[in-house]
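Here is a walk through one protein model. Keep the structure open and follow along, one region at a time.

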Amino acid sequence: MIENRENLKNYFKRNSNVKTMLFTMGYIIWLFSYLIVRLQQFETSYSPIIKIAKYMGLAIAFLVICIDLKNYFSIKNFIIGILLLVFIFVNNGFLGGVSVWWQLCIFIFAAKRINFKFFLKAVLIFLCLYYGGTILLSQFGIIANNATYRATNVRDSLGFGWSTWPVHGFLYIVSIYSILRNKNIRIVEITLLEIINVYLYVNTNTRSPMILITLYLCFIVMYKYMHFDVMKLRIFRIVYLWIAPTLTIVIYWISKNYSTYAHLDSYLSGRIILGYSSLQKFGVHLLGQPIMFNTSRDTIGAKYLFVDSSFLQYMIRFGIVSLVILLVVTILFQKRLLETGNTILIVSFMLILVNGFLDPEYIEPFYNVFLVLFATLFNSEGLNGLENIDIGIRDSSSY
């Protein structure tokens, strides 16, 4: 038995590709358990299969940790990783009441030296099948779907519980796709992505991610075909590192001082008043606190209350200490991205950050795949597979 266990350890040590595939499989199984219940068809499902999938994915991640624990962890990184895992588990998972965060920590802890390019490719395929398949099935009436009304606009949910979800999912698809394609991406691909973007906007009337995707695709065109590289601007590097704390301060300030900035609320779809109301009701504490936001507009006697901004919601839910840790880790990760010199990789993460200013997806691990890449700070030697993804690629200007 002991000999077989040692052979298994040596096998995975010699075959990092197998480890990457094992980790990726576990992550996708876990991700599926969260995304399936975001479909209107399964929102109220309590099927044991969903719970089994969640813990099966976690078990695979834990297996990867056990296999590599002795061989790849330095004492320093091991201690830092354990301390952060314990803090997030207690603060975010126990005090804040959001268990998905300690689950994410297990995946970050397990993602040492995996091939991130392979990982992102596999996740991209899964997300395309999930979102694309759901939209098609909903339009053919195979799974549940409905439409809601906002002012004079009809919003098709496209099979999801909320009409905004597929658009934000597409933002992550665009980001990952552009990273993998990098300088190989062609104008026909960019055009197709924008057509899908417009289609989703027309059906869901979700404005913010649509605008961000369009601006991002315009940047890619400028970068590839007009040779505009923001990395040549020193001011960009400085501003880039301070995006997350700046966005946090801005959204907190305008929400806290709602009366001064009330005129902006119509442009931000009521997010300022919702942030102000949440700050008034829940306050900001050093550590996490359990919060039950009301996201139903149909409950009699209950007022809709939800903080859309990732940074403001994280502050209110998990407290100042956890927020500072998140911002510091985010800055360190951005610094690591800048060291790669990979312009599209760098700007794609900026897209994710800016999207988090008004929407909650940045702090929703089943949306934000990039959180797994934070492993490069604690237990991985670089962004394996993404470091030089654009080196040697023929930068063709032909259409």
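Start with Arg 336, which is buried, with a relative accessible area of 17%. Buried means under 20% relative accessible area, exposed means over 50%, and partly exposed lies in between, using a 1.4 Å probe and protein chains only. Salt bridges that share partners join Lys 335, Arg 336 and Glu 339 into one network. A salt bridge here is a side-chain nitrogen of Lys or Arg within 4 Å of a carboxyl oxygen of Asp or Glu.

This is a predicted model: local features need pLDDT of at least 70, side-chain atom pairs count only at pLDDT 80 or more, and totals for chains, interfaces and linings use all residues. Residues are numbered from 1 along each chain as its sequence is written, and side-chain values use heavy atoms, with hydrogens and water left out.

Look at the network link by link. Glu 339 pairs with Arg 336, with the closest N and O atoms 3.5 Å apart. Both lie in helix H14, three residues apart, about one turn of the helix. Glu 339 also pairs with Lys 335, this time with the closest N and O atoms 3.3 Å apart. Lys 335 and Glu 339 are four residues apart in H14, again about one turn. Glu 339 is exposed, at 52% relative accessible area. Lys 335 is partly exposed, at 44%.

Now take in the whole of H14, residues 310-340. Helices are DSSP runs of H or I with at least four residues, and strands are runs of E with at least two; both are numbered from the N terminus. How far does H14 span between its end C-alpha atoms? The span is only 26 Å, whereas a straight helix of 31 residues would span 45 Å at 1.5 Å a residue. The expected span is 1.5 Å times one less than the number of residues. H14 bends by about 125° at Gly 319. That bend is the angle between axes fitted to the seven residues ending there and the seven starting there. The helix is mostly covered, with 23 of its 31 residues buried. Just after H14, Gly 341 takes a positive phi of about 70°.

Met 231 is buried, at 9% relative accessible area. Which residues does Met 231 touch, not counting those up to four places away in sequence? They are Phe 236, Arg 237, Leu 338, Thr 343 and Ile 346. Contact means heavy atoms within 4.5 Å. Met 231 and Val 347 are 116 residues apart in sequence, yet 9.5 Å apart in space, C-alpha to C-alpha.

Met 222, Met 226, Phe 228, Leu 233, Ile 235, Ile 238, Val 239 and Trp 242 make a nonpolar patch of about 790 Å². Helix H10 (residues 234-241) gives its largest share, three residues. Trp 242 is found in the loop between H10 and helix H11 (243-256).

Finish with the salt bridges across the whole structure: a search finds four. One of them joins Glu 189 and Arg 181, with the closest N and O atoms 2.8 Å apart. Glu 189 is buried, at 13%, while Arg 181 is partly exposed, at 26%.

Terms used. Patches are made of residues with over 30% relative accessible area and no salt bridge: like charges are joined within 9 Å, nonpolar side chains (Val, Leu, Ile, Met, Phe, Trp, Tyr) within 5 Å. Accessible areas come from the Shrake-Rupley method with a 1.4 Å probe; for residues, only the protein chains shown count as cover.
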